[in-house]
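I set out to record what I looked up in this structure, entry by entry.

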Amino acid sequence: MAGHRIFTTSFASVYPLYVAKAERKGHTKDEVDQVITWLTGYDDAAIERVLADGTDFETFFAGAPAMHPNASLITGLICGIRVEEIEDPLMQRVRQLDKLVDEVAKGKKMTSILRVSA
């Protein structure tokens, strides 16, 4: 998937769509930010900087302070493709984030979304 269009798409152009998806289903921007923080290690200020700078997805994930070690536990279908079977590491990260936002929108418990063991 080298050179896929999403890699050069600005994170700022997709972020409002993530938030809108969550809000349409009665959830919040804060919940979206929480899953972004969990997955990437970006804090709220860093997310705001990335949005203001027009950072693309490739740079967003390359500059992530700390990808969560439990990211590999994100499984399931997104756009008809199993997240855990995506071979391109960058595309897998993009789809993992998509999956987390979907789970927020569907109203899953945050402990489940963040792969916290009971």
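**Entry 1: helix packing.** At what angle do helix 2 and helix 4 pack, and how far apart are their axes? In this predicted model, I find an angle of about 120 degrees between helix 2 and helix 4 (residues 44-53), with the axes 7 Å apart. I then looked up the residues that make the contact. Helix 2 contributes Phe 11, Ala 12 and Tyr 15, and helix 4 contributes Ile 47, Val 50 and Leu 51. By class, I note six nonpolar residues in this contact, with no polar and no charged ones.

**Entry 2: confidence.** The protein has a mean pLDDT of 94, and 97% of its residues reach 70 or more. Helix 3 (residues 29-40) has the highest confidence, at 98, whereas strand 1 (residues 77-78) has the lowest, at a mean of 92.

**Entry 3: the largest pocket.** I looked up the space in the largest pocket and found about 200 Å³. Its lining comprises 13 residues, of which Val 14, Leu 17, Tyr 18, Arg 95 and Asp 98 are the closest to the centre. Which helices each supply at least two residues of the lining? I record helix 2 (11-24) and helix 6 (89-105). Helix 2 gives the largest share, five residues. The lining is made up of seven nonpolar, four charged and two polar residues.

Conventions. Residues numbered from 1 in each chain as written. Predicted model: local features only at pLDDT ≥ 70, side-chain atom pairs only at ≥ 80, totals over all residues. Heavy atoms only, no water. 1 Å grid on protein atoms, 1.4 Å probe; cavity = no way out; pocket = protein on both sides within 12 Å on 5 of 7 lines; lining within 4 Å. Points joined across faces, edges and corners; volume = space filled by probe spheres on them. Helix = DSSP H or I, 4+ residues; strand = E, 2+ residues; numbered from the N terminus. Nonpolar A, V, L, I, M, F, W, Y, C, P; charged D, E, K, R; others polar. pLDDT = per-residue confidence, 0-100. Axes fitted to C-alpha atoms, helices over the stretch in contact; angles between N-to-C directions. Contact = heavy atoms within 4.5 Å.
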